[in-house]
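Here are a few exercises to work through with the model open beside you. Try each task before you read its solution.

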Amino acid sequence: MRMNPQSELQFMHKAIALAREGSFRVSPNPKVGCVLVKKGKVISRGRHEHFGGAHAEINALWEAGVRARGSTMFINLEPCGHYGKTPPCTEAILKAGVKKVVVGMVDPNPLVKGKGLRELRAKGIKIKLGVLREECAKLNEPYIKYITRGIPFVILKSAMSLDGKIATQKGDSKWITSEASRKYAKALRSQVDGVLVGIDTVIKDNPGLLASSSQKRPIRIIMDSHLRIPLDARVLNSRAPTIVATGKGVDRKKIERLQARGIEVLQIPRWKKHPRRGLDLKFLMRELAKRGVTSILIEGGGRVNASALEMGLVDKVLFFIAPKIVGGEDAITAVEGEGIDRIGQAIRLKDTKVRRFGEDILFEGYI
C-alpha cells in the first residue's frame with residue numbers, strides 16, 4: 001500500500017515530537033526521533049535518550065523486533081553510517097529488513113553527510129529525503145551551528161520595560177516582568193547547555209542561574225574581566241558546573257580559591273577592537289565549543305548583550321516586554337555599548353513571533 005503525503009507528514013511529526021522528548025541529555029549530539037510504520041500504523045518508536053546511548057533508530061528497531069521487516073522508517077535526521085560511540089545505524093537498518101527510510105534532513109556532520117543515505121540506497125533501500133526539512137532543521141539548530149561553525153548557537157534573552165529599561169538608575173530590577181514570564185525564562189535554561197551573564201548581574205542580583213528541570217544542569221558562565229566575583233555568590237555553589245571567564249593578570253590567589261571549590265577559571269584575551277569594553281566573547285565561544293557546549297542563553301546585562309550583538313554571535317533574540325515605563329537617563333537599557341549612527345545600520349530580525357505571558361509580551365526573532 002502506497003503511503004499518501006499527508007500520512008508521511010503525520011509520521012514525521014511523530015518522529016520530531018519524540019526527538020523533543022529526549023532533548024535534555026543528548027547534547028552535543030543532535031535530537032533524533034524515529035518511528036517504524038507498517039500497513040499505515042506505527043509499530044514502534046525510539047529516540048536518542050542521552051549522549052553516548054543508543055541512537056533513535058536502534059531503540060525503534062529493538063522495540064519492533066522481527067516486525068521491522070518490510071516496514072518504513074521515519075526519522076528527522078539522516079542515519080549514521082560510521083563507528084562512533086555506537087555502531088553504524090545503517091547496518092542495523094539493513095539487518096532488520098526495513099524497506100524504506102523517510103528522512104527529514106541530511107546530517108551536516110562531515111562524518112555522516114550523505115554517506116548513510118548513499119549506503120542504504122546502494123543496498124536497495126528506498127529513500128525519501130526532505131519531509132518537514134525546515135522543522136527538522138529548527139529542532140536541531142544548535143547542533144547544526146556547532147557542527148558546521150565550531151561555536152555554540154546563541155540566544156539573547158532580556159526582560160525590559162516598555163521604554164527598554166532592564167533596571168532603574170539605582171540598579172533595581174526586581175521585578176520588571178510578571179511571574180509567568182520569569183517562570184518561562186527559567187524553563188528556557190533547561191533547553192541549553194550554558195547560561196551566560198556579566199559580573200554586574202551577579203553582583204547586583206546574585207542569581208543562582210539554575211534550570212527548572214532536574215534533568216538538565218547547564219554550565220553557568222560568568223564574564224568577569226577583573227575577577228570581582230564575591231566568593232559567597234550563589235552561582236558558586238555545587239548545584240551546577242560553573243566557569244568564570246576572566247582576563248590576564250588577575251589575583252592568582254583568588255583563582256586558586258575558586259578552583260579549590262570546583263570552579264573553572266578560564267583566562268581569555270580582551271576584545272581587540274574595544275579592549276576597554278571587556279573580554280573576547282568569540283574566543284570564549286570557541287573554548288566552550290571545545291567542551292561540547294552547543295547552545296548558550298545570554299541573560300544580560302546591557303554591556304554583555306551589546307558585545308555579543310556587535311561581535312555577530314547572537315542567532316536568536318527573546319525580549320520580554322512589560323507594560324511599565326521606568327524612565328531616567330541613567331537607567332540601564334537592554335543593549336548598551338556604542339550603538340549606531342543611522343537607523344539603516346540597525347540589526348534586523350526575521351521570522352518574528354509575538355506571544356503573551358500574563359500582561360507581558362515576548363518578542364522572538366532570528367538575526
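This is a predicted model: local features need pLDDT of at least 70, side-chain atom pairs count only at pLDDT 80 or more; totals for chains, interfaces and linings use all residues.

Residues are numbered from 1 along each chain as its sequence is written, and side-chain values use heavy atoms, with hydrogens and water left out.

**Exercise 1.** Work out how helix 3 and helix 4 are arranged.

- Step 1: The axes of helix 3 (residues 89–96) and helix 4 (residues 115–122) come within 10 Å, crossing at roughly 25°. Helices here are DSSP runs of H or I with at least four residues, and axes are lines fitted to C-alpha atoms over the stretch in contact, with angles from 0 to 180 degrees between N-to-C directions.
- Step 2: Angles under 35 degrees count as roughly parallel, so helix 3 and helix 4 are roughly parallel to each other.
- Step 3: For contacts (heavy atoms within 4.5 Å), Thr90, Ile93 and Leu94 of helix 3 meet Gly116, Glu119 and Leu120 of helix 4.

**Exercise 2.** Is serine 7 buried or exposed?

- Step 1: Find serine 7 in helix 1 (residues 5–21).
- Step 2: Its relative accessibility is 19%, so serine 7 counts as buried (under 20% relative accessible area, 1.4 Å probe, protein chains only).

**Exercise 3.** Find how strand 8 and strand 9 pair.

- Step 1: Strands are DSSP runs of E with at least two residues, and two strands pair if DSSP finds at least two bridges between them.
- Step 2: Strand 8 (residues 194–198) pairs with strand 9 (residues 219–223) in the parallel sense, over five bridges.
- Step 3: Opposite valine 195 you'll find arginine 220 in strand 9.

Key:
Angles under 35 degrees count as roughly parallel, over 145 as roughly antiparallel, 65 to 115 as roughly perpendicular and the rest as oblique. Buried means under 20% relative accessible area, exposed over 50%, partly exposed in between (1.4 Å probe, protein chains only).
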